[in-house]
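Let's take a friendly walk through a protein model. Please have a look at the structure below before reading on.

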Amino acid sequence: MRALFERALTAAGLHVVDGGKLWAAYREFEQALLIAMEENSKDVKDKQVDRIRNLFRRQLSVPLSDIDSTLQDYKFWEEQQGVVIGNDIDHLAGLPSNVISAYKKALQMYNARAGYEEKVARGKHADTELFQNYLSYINFEESSGDPARVQILYERAITEFPVANDLWLSYTQYLDSNLKVPSIIKSVYAIAVRNCPWVEALWAKYMLALERFDASEEELSAVFERSLHCGFPNPNEYLDLFLVRADGLRRQIMKMDEISKSSYLAQLRETFQRAAEYLSSHLNYTDQFLHLHAYWARLEYQLGGDLEAARGVWESLIKTCGGMLEVWQGYINMELSAGNISEARAIYKKCYSRRFKGSGSEEICESWLRFEREYGSLDDLDRAITKVTPRLKELRLFQQQQETKSHEIVGPSPIGQKDDITKSVTKEKATYQASSKLSNSLQASNKRKTGVGFNDRKDQFKRKKGAHGKGLSSVTPNKGGELGLSNNDGKDRDTVSRELVHGEAYQQTEVANLNSVEQPVYTDQCTAFLSNLSFEVTDEQLRQFFSDTGGVMAIRLLRDRFSGKPRGLAYIDFQNEEKLSAAVEKNRQTLLGKKVSIARSNPKQSKREQPGRGRIAGGRGGRALSGRGSDTRTDERRGSSAQSAPTAVSNQQKGHVKLTGSNTFAMPRNVARTARPLGWGVKDNRSNDAEETPKSNEEFRKFLLKS
């Protein structure tokens, strides 16, 4: 029972307000034992009296709120034993000097803490204010330098605020730094992670504390597995837990011999694999993910002595984060630290042609040249210069083009023109709003004609033809003075209408022309088209493939615009026709295990027309009516198309339209008058002169009334 009381005093005997209750219960227990002792056992009774006396004196040395009442109880008890303490001059007379000094010191300490005790009294302050008062009280106790009193105060604060994670972090940090008692620290951490399981830092410190006190591997592994099921909101917190676990395993392996560390190496490798699999979707292309793999590769090489495993770590990272310059640099640095110069050179050859963020592409090229100067021979340096120089020129040319385009698109406005530009934009906006209704009515009235706002962008590139030119004229006169427009000024209807009616399509086209960046145009004048390429092929491998022909100017590997994966297709520009012809002769030769198809790229060759799809030459307003997406072509293109396709579905001869095919039901009314409609038989064959004129609305009304 005494041991239990001693443990209670250790845990809460320093509680300023309630600690005296434990001391009083302890004394009552010892006094009850004294009363129960027999009269004849004088030595035993004297020993028990000394034990009670020591309890009183110990309590008087502790700053408790009931210290004065404890002194009075002690005096009364000593009088029962025949000892008188105190007189009219000194109420401490008769006490040993050490007891008197301890009592005075305890009284002074209590007076210094009485104000803090008043502030942390429950029920007198709001929770927020109470929490701040506890923190102030804890700071005061930490300045006094008594770890036991600080621990008691932390326990009091935790009792009031059991889920305050900042309080738990501060408490555990103080225990790790000052108390260092394994049993107490383990129990505190167990309660902390139970009350605040969402705080990753508590789990990490818990594992470190267990390792510090030589806990078993089973206990460490159990705590680590529990921490992974707590649902932290940030993936970096899971990364920190994996790293803490890996750090602990690394320290354990460093203490072991070669025979016993194999199982720990397997656990270490499994920890890194789990971390990479779980965090790949959250931390891809981040420095944290790179650090994880770099740490893994270094431990595989240094602790496990397995260079191939370390290379495998870097290769797996390149597959997911190959666009990071730091990944390749880390891989190269590992090979250099291992003294593998040729392997480092091979990595440079694989990555120098890649596109990296910012100035990374130039940096990797310059790094390769610096590497060859420091580690390679003169021939190695020359070969590196041969490969890097065209790449640097290409990158610098691309940068210059981007800077030029940016200056052309967004140029600095001269001083004094800002207001004029604002007024012009405002006026243009007002004109567009005022004419929007007019544009809509014009489009509705010209539903069967080539009206304003239907295809204004294409009209800019159409070639105007006169009355004697081939095909119908694209200029339609303004009949009946529609909208008050006339052609006296020599402008066609589209031009005049565009000036007065700003259709939505025209406005959007003009704005897009101002804001868009012009994409590079490839003429493919001397270009080969390659298909059935391996998805792993690179620009350098293609250059090497055509090294015997020579003359390769540019290589364009086609990739999917959404996924970025290669499509197995490429365009290669050659210096002249001779080089191109030599390259085409390499058709069906093998590259990376696949037979490559090589053909001359000829974008000028028009597509063959599909049979069975009717087309009307000329069309409305000079526009060819054809299948979906047809474009207006020049006279030369039309002539060549007509000669190459004898089964053309339409042509125009002497003002008449000759139709073939079956889609004549979609023809306009004026064409239908001169065409042979569906179901036209031999007996129904009539001349165009005998065709009756269209009836008016009045004639149709009379016809219906008669019937």
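## The sheet and its order

In what order do the 4 strands of the open sheet lie, and is the pairing parallel or antiparallel? The order is 2-3-1-6, and the pairing is antiparallel. Keep in mind as you explore that this is a predicted model.

Strand 2 (552-559) and strand 6 (597-600) are the edge strands, each pairing on one side only. From one strand to the next, the twist averages 20°.

## Strand 3 and its partners

The hairpin of strand 2 and strand 3 has 6 residues between the strands. Within this hairpin, Gly564 takes a positive phi near 75°.

Which strands does helix 25 touch? Helix 25 (residues 577-584) packs on the sheet and touches strand 1, strand 3 and strand 6. The direction of helix 25 makes about 150° with that of strand 6.

## Space inside

Now for the empty spaces. Rolling a probe the size of a water molecule over the atoms shows where empty space is left. The structure holds 5 cavities of 30 Å³ or more, and the largest cavity contains about 100 Å³ of space.

Which elements give two or more residues to the lining of the largest cavity? They are helix 10 (200-212), helix 11 (217-227) and helix 12 (235-254). Helix 12 gives the most, with 5 residues. Among the lining residues you can look for Met207, Leu220, Val244, Arg245 and Gln252. Sorted by class, the lining has 5 nonpolar, 2 polar and 3 charged residues.

## A pair of aromatic rings

How many aromatic pairs does a search of the whole structure find? The search finds 24. One of the pairs is formed by Tyr352 and Trp368, whose rings are tilted, with 5.2 Å from centre to centre and 50° between the planes.

Why does this pair tie together separate parts of the sequence? Tyr352 lies in the loop between helix 17 (341-351) and helix 18 (360-375), and Trp368 lies in helix 18, so the pair ties together parts that are 16 residues apart in sequence.

Technical notes
Residues numbered from 1 in each chain as written. Predicted model: local features only at pLDDT ≥ 70, side-chain atom pairs only at ≥ 80, totals over all residues. Heavy atoms only, no water. 1 Å grid on protein atoms, 1.4 Å probe; cavity = no way out; pocket = protein on both sides within 12 Å on 5 of 7 lines; lining within 4 Å. Points joined across faces, edges and corners; volume = space filled by probe spheres on them. Nonpolar A, V, L, I, M, F, W, Y, C, P; charged D, E, K, R; others polar. Pairing = 2+ DSSP bridges. Axes fitted to C-alpha atoms, helices over the stretch in contact; angles between N-to-C directions. Contact = heavy atoms within 4.5 Å. Phe/Tyr/Trp six-rings, centres within 6.5 Å; stacked < 30°, edge-to-face > 60°.
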